[in-house]
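Thank you all for coming.

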Amino acid sequence: MKELSEIRAEIDKIDTQLIELFKQRMDCAKEVGIYKKANGTPVLNQERENEILDSVEERSGEYGAYARLLFSNIMELSRALQHNIVGSGKKLRGEIKNAETKPQTSDITVAYQGIKGANGHEAALRLFPDGNIKGYKTFADVFEAVDSGDAIYGVLPVENSTAGSVSAVYDLILKHRFYIVGALDLPIDYCMGGLKQSEFEDIEIVRSHPQAISQCSNYIAKHNFEAVPCANTAVAAKDIAKEKRLNVAAICPYKAAEEYGLKILDNHLQDDKNNTTRFIVISKKLYIPENANKISLCFSLPHVTGSLYGLLCRFNSLGLNLTKIESRPIKGKDFEYLFYLDFAGNVHIQEVTELISQLSEELPEFSFLGNYCEL
């Protein structure tokens with residue numbers, strides 16, 4: 001049996017050979033890219049790639065699956081190099097180049113879901129302190145307001161640190177493909193608001209938005225309350241004030257309890273003391289501030305084994321940090337999905353622009369949703 005030091009020395013020797021062979025292969029990929037640019041040939045040739053991968057797997061014996069994975073990564077990197085040579089994504093590059101850096105923040109209408117006192121109202125105020133903040137009944141209504149021009153921006157919750165994604169909003173993002181031009185992480189603190197004549201011991205039923213109910217689920221279970229969902233946390237507070245039932249309370253923000261004249265019966269109900277909701281700002285116009293730090297994309301993937309892994313390989317090769325990936329089934333297509341993806345980055349960095357330009361050429365239903373600051 002060989003000593004470990006001997007085996008490692010042999011590995012180092014093989015790695016040196018592999019590096020030189022890899023460099024030679026990438027030089028060949030570069031020549032292919034130059035040829036494709038001169039002749040207007042598409043960068044991706046999926047049929048040829050599949051033939052090569054099948055051959056590699058077959059010839060690699062017991063290591064066939066590993067070899068296929070290795071060569072898949074090499075092909076992803078070769079394709080990325082060719083895309084840069086060809087100058088893929090001209091339309092997207094132009095869109096980014098022509099984007100304004102500073103959105104309008106005064107003399108505008110900003111839409112949010114809910115009524116005064118809701119978390120969405122608070123988020124909109126923080127993001128647009130000089131704006132005309134206007135509440136709408138549903139998330140879909142906010143998108144429609146932006147689409148019609150009734151509002152310039154819409155402020156919407158997309159994710160909570162405890163309850164997870166707000167699925168209905170992601171569905172609407174993928175449907176409308178509006179730009180995301182800002183984001184805010186808003187700390188969420190809930191109280192229990194009841195009538196001024198109520199005492200904590202009187203409460204049997206609590207009302208709130210399903211997300212808030214989820215964020216306070218341990219508290220609700222501990223006190224054996226019946227949880228009744230409603231359209232919004234502030235709507236819950238308003239309804240409690242109007243209905244005047246001593247045994248019913250709202251799980252709502254403190255500002256909502258104050259706005260609708262409720263008595264605070266208990267404090268800090270959320271299960272996680274660091275409870276936070278991420279809000280985004282949607283717009284029909286693209287703005288990219290110079291200090292933008294987050295990028296959002298949506299796309300579908302080719303119905304090919306390993307396509308998601310191949311995509312992630314591109315991000316990993318550049319050291320980019322993915323912060324969110326969300327999938328939704330495509331209606332009318334069995335087991336095919338639309339993906340929403342967030343990653344940390346700035347399109348003013350050449351490598352980042354090149355990456356999303358490459359993806360815009362290869363991925364079906366690709367949309368660049370924006371590059372923005374998350375506060």
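Let me start with a single side chain: is Glu57 buried, partly exposed or exposed? Please bear in mind that this is a predicted model, and that what I say about it rests on computed values. With a relative accessible area of 32%, Glu57 is partly exposed, because the cut-off for buried is under 20% and the one for exposed is over 50%. Arg68 also counts as partly exposed, at 24% relative accessibility.

These two side chains meet in a salt bridge, with a distance of 2.8 Å from N to O. In general, side chains of opposite charge can pair when their charged atoms come close.

Now to a second pair, Lys285 and Glu100, whose side chains form a salt bridge at 2.6 Å, N to O. Lys285 sits in the loop between β11 and β12, while Glu100 sits in the loop between α4 and β1, so this pair ties together parts that are 185 residues apart in sequence. Both partners count as partly exposed, Lys285 at 39% relative accessibility and Glu100 at 38%.

Glu365 is partly exposed at 39% relative accessibility, and Arg177 is partly exposed at 22%. Beyond such pairs, there is a network in which salt bridges with shared partners join Glu49, Glu76, Arg79, Arg314 and Glu362. The count of salt bridges comes to 24.

Which residues have the most contacts inside the largest nonpolar core? They are Leu297 and Phe368, in a core of 56 residues. If we leave aside the neighbours within four places in sequence, Phe368 is in contact with a set of residues that includes Leu92, Ile96, Tyr179, Leu286, Val347, Ile356 and Leu297 itself. Apart from this core lies another, of 27 residues, with Val142, Phe143, Ala183 and Tyr340 among them. As a general point, in soluble globular proteins nonpolar side chains tend to be buried together.

Key. Residues numbered from 1 in each chain as written. Predicted model: local features only at pLDDT ≥ 70, side-chain atom pairs only at ≥ 80, totals over all residues. Heavy atoms only, no water. Core = buried A, V, L, I, M, F, W, Y, C linked by side-chain atoms within 4.5 Å. Buried < 20%, exposed > 50% of the residue type's maximum accessible area, 1.4 Å probe, protein only. Contact = heavy atoms within 4.5 Å. Salt bridge = Lys/Arg side-chain N within 4 Å of Asp/Glu carboxyl O. Helix = DSSP H or I, 4+ residues; strand = E, 2+ residues; numbered from the N terminus.
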